[in-house]
Amino acid sequence: GHFTKMVHNGIEYGLMHAYGEGYQLLSASELSIDVPSVVKAWGHGSVIRSWLLELLALALDHDPQLAQLRGYAADSGEGRWTVEEAVRLGVPLSVLSAALFARFSSREDDSPAMKVVAALRHEFGGHAVETA
């Protein structure tokens, strides 16, 4: 059970980071995009709909630009364990490894993508967030 939970959490790292990068790209666009509305629309019939996306929509309801959050997301160990096992077994995990390393860089960086990750961790797990 522990190994399967570890893999689950590694996948979670990758999904959250993908949503964060999408949010950051939409937010940076010169187009006039209502990002919270787009996120909500994606939750209805889109191939990327998920509970995590619903939680992102809730977080954006509270703070549409995530301005009150610092883009810091700790790693609680499961992501490291996942990557360590991948190295041990010779299994390439490029997405999950990148998501883990992004958490390391969040200690220095305050990116919109990592604000999404921080908001999602808070929404589903009650993880502490750092305020801006």
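Helices (H or I, at least four residues) and strands (E, at least two) are DSSP runs, numbered from the N terminus. The structure is a predicted model, in which local features need pLDDT of at least 70 and side-chain atom pairs count only at pLDDT 80 or more, while totals for chains, interfaces and linings use all residues. Residues are numbered from 1 along each chain as its sequence is written, and side-chain values use heavy atoms, with hydrogens and water left out.

F124 is located in helix 6 (residues 112-125). With a relative accessibility of 24%, F124 is classed as partly exposed; by the criterion applied here, buried means under 20% relative accessible area, exposed over 50%, and partly exposed in between (1.4 Å probe, protein chains only). Contacts, defined as heavy atoms within 4.5 Å, join F124 to E12, M16, W51, L52 and L55 when neighbours within four places in sequence are left aside. Between F124 and S29 the C-alpha to C-alpha distance is 28 Å, at a sequence separation of 95 residues.

In helix 2 (residues 35-42), the buried residues are V35, P36 and V39. They lie on the same side of helix 2, because they cover an arc of only 105 degrees around the axis, the arc being that of the directions from the helix axis to the C-beta atoms. Helix 1 and helix 3 are among the elements that cover these buried residues.

Five salt bridges are found in a search of the whole structure, a salt bridge being a side-chain nitrogen of Lys or Arg within 4 Å of a carboxyl oxygen of Asp or Glu. D75, R80 and R107 are linked in a network of such bridges. D75 is placed in the loop between helix 3 (51-62) and helix 4 (78-89), and its relative accessible area of 13% makes D75 buried. The salt bridge between R80 and D75 has an N to O distance of 2.5 Å, and R80 is partly exposed at 35% relative accessibility. The side chains of R107 and D75 form a salt bridge at 2.8 Å, N to O. This pair connects distant parts of the chain, 32 residues apart, with R107 in the loop between helix 5 (94-105) and helix 6 and D75 in the loop between helix 3 and helix 4. R107 is partly exposed, with a relative accessible area of 35%. Not counting residues up to four places away in sequence, D75 touches Y13, R80, L100, R103, F104 and R107.

A further salt bridge joins E85 to R88, with the closest N and O atoms 2.9 Å apart. Both residues belong to helix 4 and are three residues apart, about one turn of the helix. An α-helix has 3.6 residues a turn, so residues three or four places apart point the same way.

A nonpolar surface patch of about 590 Å² is made by F3, V7, I11, L15, W81, L89 and V91. Patches are made of residues with over 30% relative accessible area and no salt bridge, like charges being joined within 9 Å and nonpolar side chains (Val, Leu, Ile, Met, Phe, Trp, Tyr) within 5 Å; accessible areas come from the Shrake-Rupley method with a 1.4 Å probe, and for residues only the protein chains shown count as cover. Helix 1 (2-28) and helix 4 each contribute at least two residues to the nonpolar patch, and the largest share, four residues, comes from helix 1. V7, found in helix 1, is partly exposed with a relative accessible area of 33%.
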